[in-house]
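Q: Hi! I have a model open here and would like to talk through a few local details. Could you take a look with me?

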Amino acid sequence: MKKAFPILAILTAALLGYAFYEAMFVAPTDQMQGDVYRIIYYHVPSGWTMFVFFFTNFIASIVYLIRRNPKADAVAVAAAEVGLVFCTVVLVTGPLWARPVWGIWWTWDWRLTSTLVLWLIYASYLILRRFSTGGQTPVLAAALAVFGALDMPLVYFSIWFFRTQHPQPVVGGGGSIDPSMLRVWMISWAAFLCFGWLVFWLRYRLEIFKREVEETHSLEAMLEEPRFR
Amino acid sequence: MNYLYAAYAATWIIHGSYLCSLAIRYRRLKREMKDLKPRP
Amino acid sequence: MSSFWAITSATLAKDLRLEWRSKDAINSMLFFALLVVVIFSFSFDPTAEESRHIAGGLVWVAFLFAAVVALNQTWAREMRNAVLDAYRVSPAPANPLFLAKAFGNFIFVSIIQALMTPLFTVFYNLRPLGPAWQLIPVAILGSWALVVNGTFFAAMSLHTRSREIMLPILLFPFSIPALVAMVQATNTILTGQDSAKFWIVLLLTYDVVFTVACLLLFETVLDAE
Amino acid sequence: MTHSQPTNGSSVIVISGLVKQFGRFAALRGISAEFSPGNLYVILGDNGAGKTTLLRTFAGLARPTRGKVILLGTHDLSSVSAQIGYMAHPSLLYDELSGMENLRYFGRLYGIEGDQRCADAIRKVHLDPSLARPVGQYSQGMRQRMSLARALLHDPGILLLDEPFSNVDACSASEMVNLLGTIRDAGKTLFVVTHQAALLDGVADEFVLMGAGKIVSRPLERPLLEGAPR
């Protein structure tokens, strides 16, 4: 993996460039929104990628709770962090699209709200990791990740029903999805998945390295001569 | 149209700053490891 | 199984006795909830028609904050003199401890609700237009939803730095579905415009899902050292 | 009393390669040892030598980072927890409850019904079971003795005592030592962490010296320490 990394990075960059080209120049312009709608070629694939990583976090947490394998915990941290980064992208690009199209930055629509809640849940997950002391962090974090995964369906349910009781704000123009649009979406998603995977791999290596450093610290401490007064 | 550029730029700023933070964390760990190693 | 409930009831009785002697949790919760009621009245004009639409939110936010006060106290009592260790070295299983703590907090929150509801009614001039009896299941299910996760997260934050801040950071995001359901149910009952059935079912689902999850994971969290 | 190295089968506790880390700090650094039943072990060492952590891993309160603890022949410490009596540095008692109320509650955790055994345990440490004062108002010495009563309540086979004599007056301390001697003679195994090793001269079977997370030596006679014991 270490040797293949530069090649993969170049391939990913090429794929991202191609996706960018497709999104900017090939995909047809939307009649109602004009070129601004092209934001969704970044917005939507980022959202999908985010779900992939949060799901990875959930699976890794379950594996950790059963097997107590430190590598599963490293996967869980890395996935949660990268997922949160993609979630941030979704939350930032969303309003940038909403402002010209809807005329407002933010509305408490169920999709927006639930994504924000998702962001809050995983942010609290990372805060717990940072604040917990000693060796219990992985266990606590894994338990919290399970809670988060259980919570999400309920969040969607509650907010969806809550908001649909009111008239929906403007739902994006365009009507049915054009096949050429879908194609660009898929290309873009593939590019972001590759990119996300590379970042995830870096974060995972960093976590493993961090543990090695900690290990060395404690080994060093063990080498000290035992003494008795 | 400006919003489009803003959104694309924002995406890469977020990803870029996350990668930077990873690099910083990595460098800090590396220094720590170096400080640890020479002592037997 | 009988010993499971025997330990649960013994622990609950012990907690209630401790609270009866010190009255720490109840007093601070009561005062806190009262403060929230007063401060809200400065921010909104509590005239009857408008307040009816936001009252559900106000009531539950006040109870949520008050509950956090009680939840932080729950485990503080067990940390003093490290009594929790005495429980952990005993052969008693972990779940009775969790259930006793959750029941205890449920009782505290219920007492607060019983005392505060008349106050809210007076201060905000409330009069339910829908079926008022439905407020009772909403109150019971809603309090349990707050308390079951709160007790669990409070146990989690025992192992963290700055534990009192940790609890709301964990509890609030995770309670959003329950809060939405509580607030919506209360509002629909107060305004009498709609049926609150959907929200009550949602609350029930939330309670069942998280009670089961807490019971499955509590031992893992308690013994994480 | 024989002090020969115990064989594997008869050991009450066997530990191998025990490491306990708290973050970057290693409290125990690879300890292997065996302890045989019916002995009173006195654990000595500097502050931070790992004495308390060792007791906590025996009690199942701290999970070892690496290595194994086999207690009464099993890895599953929770299955033998009824056999362990643990007295920690903090009192492990509710300050707001009286001694009897405390023991009644802890008795329930061990399935002990009724007041008889609780009262017996309190009398054993020379306190009065009918004392209604909450434990928070006890003197330090009384609290220590009540804490010992709590550890003895369910008549455990293994007693782990962390600093049982701290702040206890000389007279009560020697009473406690006598009590520990009787318990040892009844065939129980005791581990006593203390700074006042001299108190236990008559009854200790073996001294376990710890330093920097390891067992340094296990003499049968009390080692002469530099400086006066606290």
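Q: Where is His126(D) found?
A: His126(D) sits in the loop between α3 (116-124) and α4 (140-152) of chain D. Helices (H or I, at least four residues) and strands (E, at least two) are DSSP runs, numbered from the N terminus. This is a predicted model, where local features need pLDDT of at least 70, side-chain atom pairs count only at pLDDT 80 or more, and totals for chains, interfaces and linings use all residues. Residues are numbered from 1 along each chain as its sequence is written, and chains are lettered from A in the order in which they are written.

Q: Okay, and what is phi of His126(D) near?
A: Phi of His126(D) is near 60°, a positive value in a residue other than glycine. Most residues other than glycine have a negative phi.

Q: Switching to chain C: which loop holds Ser162(C)?
A: The one between α6 (135-156) and α7 (163-174) of chain C. Ser162(C) is not a glycine, yet has a positive phi of about 40°.

Q: How exposed is Ser162(C)?
A: Ser162(C) is partly exposed, at 34% relative accessible area; buried means under 20%, exposed over 50%, partly exposed in between (1.4 Å probe, protein chains only).

Q: Back to chain D. In what order do the strands of the open sheet come?
A: β2-β1-β4, with antiparallel pairing; two strands pair if DSSP finds at least two bridges between them.

Q: Why is one side of β2 and of β4 in chain D left without a neighbour in the sheet?
A: Because β2 (25-35) and β4 (66-71) of chain D stand at the edges, each with a single partner strand.

Q: Over how many bridges do β1 and β2(D) pair?
A: Eight, with β1 of chain D covering residues 13-22. In β2(D), Leu28(D) is the bridge partner of Lys20(D).

Technical notes: Side-chain values use heavy atoms; hydrogens and water are left out.
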